[in-house]
Amino acid sequence: MWPYPRTVAHRGGGTLAPENTIAALRCGLEHGYRAVEFDVMLASDGVPVVVHDVELGRTVAGSGAIPDYTAAQLEAMDAGSWFGPQFAGERVPAFDAVVAYCQAHGIWMNIEIKPAPGFEVETGTVVAQRTRRHFAGGGQLPLLSSFSIAALEAAREAAPELARGWLVEELPPDWLAQARALGVVAIHCDHSPLTREQVAAIKAQGYGVFCYTVNTQARADELLGWGVDGFCTDRIDIIPPVPVMA
Ligand code: G3P
Ligand code: MG
């Protein structure tokens, strides 16, 4: 049984707010979403921040790459203006700040470990260690996920009690052997190439199936009908959140 929310706001607030910001989390909440996916990368000083792109320029004003800057420098950078002038005060948030916001507001987290190239092990380790620390006092544990096998292995090494999902664009032929080796609880699939037969095969082996990024209600209904357990969406305005199945 999937113990997590079925509908998850992608990058905080989907396409309604600047991604991976506190404003995005607030926007998700305003739309009734109490579950969120966001991306975590390490700054030059090894401190995790919440951001998607390795390179600055798209959502974060500036140039260079995330590993070129300390967390303090990144946390002073504008991550909102690209989306609209009303978000000009939004900064690159620290991972710790995002977790604290989610915990304060009862938001469940799918924490995507998004390492810059070359920092896979370090990022997986740090994110898992910090997550463990944040949940030492209890609360519903998040689900860690990553496209990076090295990051997933490092996360397991650092905090084996934290559940992990393996992100794939296309389900590889040897997915079962890889999933077993990684000790993940779920496969997080791009929904576009995914087939009903693949969902059935994954479920038959006892793994959860989570899809990204599902932006129409019709496709969401189809996937849930196939047995998909949950998905993240950019369209929190048109896909109402579904409560956790009892
Ligand atoms: O975790 C699901 C999804 O966020 C993976 O792709 O590029 O949006 O981080 P991306
Ligand atoms: Mg992501």
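Helices here are DSSP runs of H or I with at least four residues, strands are runs of E with at least two, and both are numbered from the N terminus. This is a predicted model, with local features needing pLDDT of at least 70 and side-chain atom pairs counted only at pLDDT 80 or more, while totals for chains, interfaces and linings use all residues. Residues are numbered from 1 along each chain as its sequence is written, chains are lettered from A and ligands numbered from 1 in the order in which they are written, and side-chain values use heavy atoms, with hydrogens and water left out.

**Empty space**

Rolling a probe the size of a water molecule over the atoms shows where empty space is left. On a 1 Å grid over the protein atoms alone, a cavity is a set of points where a 1.4 Å probe fits but cannot get out; a pocket is an open set with protein on both sides within 12 Å along at least five of seven lines; and a lining residue has an atom within 4 Å of a point. Points are joined across faces, edges and corners, and a volume is the space filled by probe spheres set on them. For the linings, Ala, Val, Leu, Ile, Met, Phe, Trp, Tyr, Cys and Pro count as nonpolar, Asp, Glu, Lys and Arg as charged, and the others, Gly among them, as polar.

The largest pocket holds about 150 Å³ of space. It has 16 lining residues, and H10, E37, E112, F147 and Y212 are the closest to its centre. Strands β2 (35-42), β4 (108-113) and β8 each give two or more residues to that lining. By class, the pocket lining has five nonpolar, six polar and five charged residues.

There are also two cavities of 30 Å³ or more. The largest cavity comes to about 50 Å³, and its lining has six nonpolar, four polar and one charged residue. H52 is one of the residues lining the largest cavity.

The second largest cavity has about 30 Å³. Its lining has seven nonpolar, two polar and no charged residues.

**Ligand 1**

Which residues surround ligand 1? They are H10, R11, E37, D39, H52, E112, K114, F147, L167 and Y212, where near means a heavy atom within 4 Å.

| Side chain | Distance to an oxygen atom of ligand 1 |
|---|---|
| H10 | 2.7 Å |
| E37 | 2.6 Å |
| K114 | 2.7 Å |

**Aromatic rings**

Rings of Phe, Tyr and Trp (its six-membered ring) pair if their centres lie within 6.5 Å; planes under 30 degrees apart are stacked, over 60 edge-to-face, and the rest tilted. The structure holds eight aromatic pairs. One of them joins F83 and F87, edge-to-face at 5.6 Å and 75 degrees.

Buried means under 20% relative accessible area, exposed over 50%, and partly exposed in between (1.4 Å probe, protein chains only). F83 is partly exposed because its relative accessibility is 29%, while F87 is buried at 17%. The W175 and Y207 centres are 6.1 Å apart with planes at 80 degrees, so this pair is edge-to-face as well. W175 sits in helix α6 (175-182) and Y207 in the loop between α7 (196-204) and β8 (208-212), so the pair ties together parts 32 residues apart in sequence. W175 and Y207 are both buried. Finally, W2, Y4, W108 and F210 make up one aromatic cluster.

Terms used
Polar contact = N/O pair within 3.5 Å; in protein donor to acceptor, adjacent residues only side chain to side chain.
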